[in-house]
Amino acid sequence: MKAILLAGGKGTRLRPLTSNMPKPIVPILNRPFLLYQLDLLRRVGSVDEVILSLNYQPDQIKELIDSLPNLGLKIRYLVEPQPMGTAGAIRFALEFLDDTVIIFNGDVLAELDLKAVLQFHRNRGANATIVLKPVENPSAYGLVEVDQDSNVKRFIEKPGNQKLACNTINAGVYVIEPSILHRIPKDTPWSIERSFFPSLVDDGERFVAYVSTGYWIDIGTPRSYRQVHRDIMDGRFPAEPFRSRPKGTVVVAASAKIEDGVTFEGPCFIDEEVVVKTGARIGAYTVLGRKCEVGSGVNVETSILWPSCTIGEQASLSDVVLGQGCYIAPNADVSEVTLGDKAVVPDPSSTAD
Ligand code: GDD
Ligand code: MG
């Protein structure tokens, strides 16, 4: 069977991290995000082809995926001539679909039994099944109301301040029969959340909901991007290298060079070819990406550094996300900020006032 990953959005809320890198491949620890989704799809067993529905910076995604060996799934790239919206993108893929299809938002990470979702879909004889997730603050998502028999009764995308009758949101995972996709107009930008799903409800299609209580997150904001790292390091989402290790483990890659007198506080992750100089302190929930260089006496905590960042001696980083190749000068004190690729923070003592 086939799966579609909707991976064509601009990732605006994750800027500046997504200025040069599309959201589906931002690194989570040391793996592009999309690979975690492919793990989930591989576990279904019956999925043999994944259609990557792309629009924003598609070549970067193609190049990266093509460079990875042993994906175990056939990947088909479909690039829309213009952003077609979440339903338009699926309509664009329709000619490649012949059977029940699993559709995934390209930015959700979930611990979910997709086989059970498929079984539920079949048992209910549904034309569409949507996975729901109860959350504490549903207003920023698609809110879905169901009846006692799990039939979808109402779909309200981003209800904002509206009074809410439930807390179950669209988890961005669907199982759909291709026969109902013809109701999406061809070559027209169309939203699955604002147009297609409400139309299924209005027309009384067999549209049911599967509630999942497992781990779920949309990684599309800097806050949730940081949160997913925390969750993996704390074991709330099972992923290597933390899955099989005790709580609070300090994971240091084999080729990292750690000088004497460096202190670590777990959980944290130090990738290949990182250099950490003497007297530095690497605090909990820190990720040092490949080839980062951390000077002596530096203090880093709760921060995620993408590859090839340089941190000058005695600098301090707290609650920071740095894109690739950033330079933080000696003595700089940086906190609660997300900086894009190649950002430079100067030495505070050399800044003219
Ligand atoms: N191919 C393609 N073309 N993909 C697109 C397009 C497009 O024009 N527009 C968005 N996407 C992809 C994005 O890349 C993302 O993976 C997914 O569709 C959802 O878009 P977001 O922009 O991340 O939507 P959202 O997070 O605000 O809301 C959606 O996800 C929530 C769950 O995370 C909605 O589906 C909500 O109902 C849902 O609750
Ligand atoms: Mg999203």
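Modeller: Start with α3, which gives the most to the shell around ligand 1, with 3 residues. Helices (H or I, at least four residues) and strands (E, at least two) are DSSP runs numbered from the N terminus. This is a predicted model, where local features need pLDDT of at least 70, side-chain atom pairs count only at pLDDT 80 or more, and totals for chains, interfaces and linings use all residues. Side-chain values use heavy atoms, without hydrogens and water.

Colleague: Which residues come nearest to ligand 1?

Modeller: A residue is near if one of its heavy atoms lies within 4 Å. Of the 26 residues around ligand 1, Glu80, Glu157, Asn170, Glu193 and Asp218 come nearest.

Colleague: What about polar contacts with ligand 1?

Modeller: Those are pairs of N or O atoms within 3.5 Å. The side chain of lysine 158 puts an N or O atom 2.7 Å from a ligand 1 oxygen, and a polar backbone atom of asparagine 170 is 2.7 Å from an oxygen of ligand 1.

Colleague: And which residues line the largest cavity?

Modeller: On a 1 Å grid over the protein atoms alone, a cavity is a set of points where a 1.4 Å probe fits but cannot get out; lining residues have an atom within 4 Å of a point. Here the lining includes Ala110, Leu132, Val173 and Trp216. β8 (128-134) supplies its largest share, 3 residues.

How values were computed
Residues numbered from 1 in each chain as written. Chains lettered and ligands numbered in written order. Polar contact = N/O pair within 3.5 Å; in protein donor to acceptor, adjacent residues only side chain to side chain. 1 Å grid on protein atoms, 1.4 Å probe; cavity = no way out; pocket = protein on both sides within 12 Å on 5 of 7 lines; lining within 4 Å.
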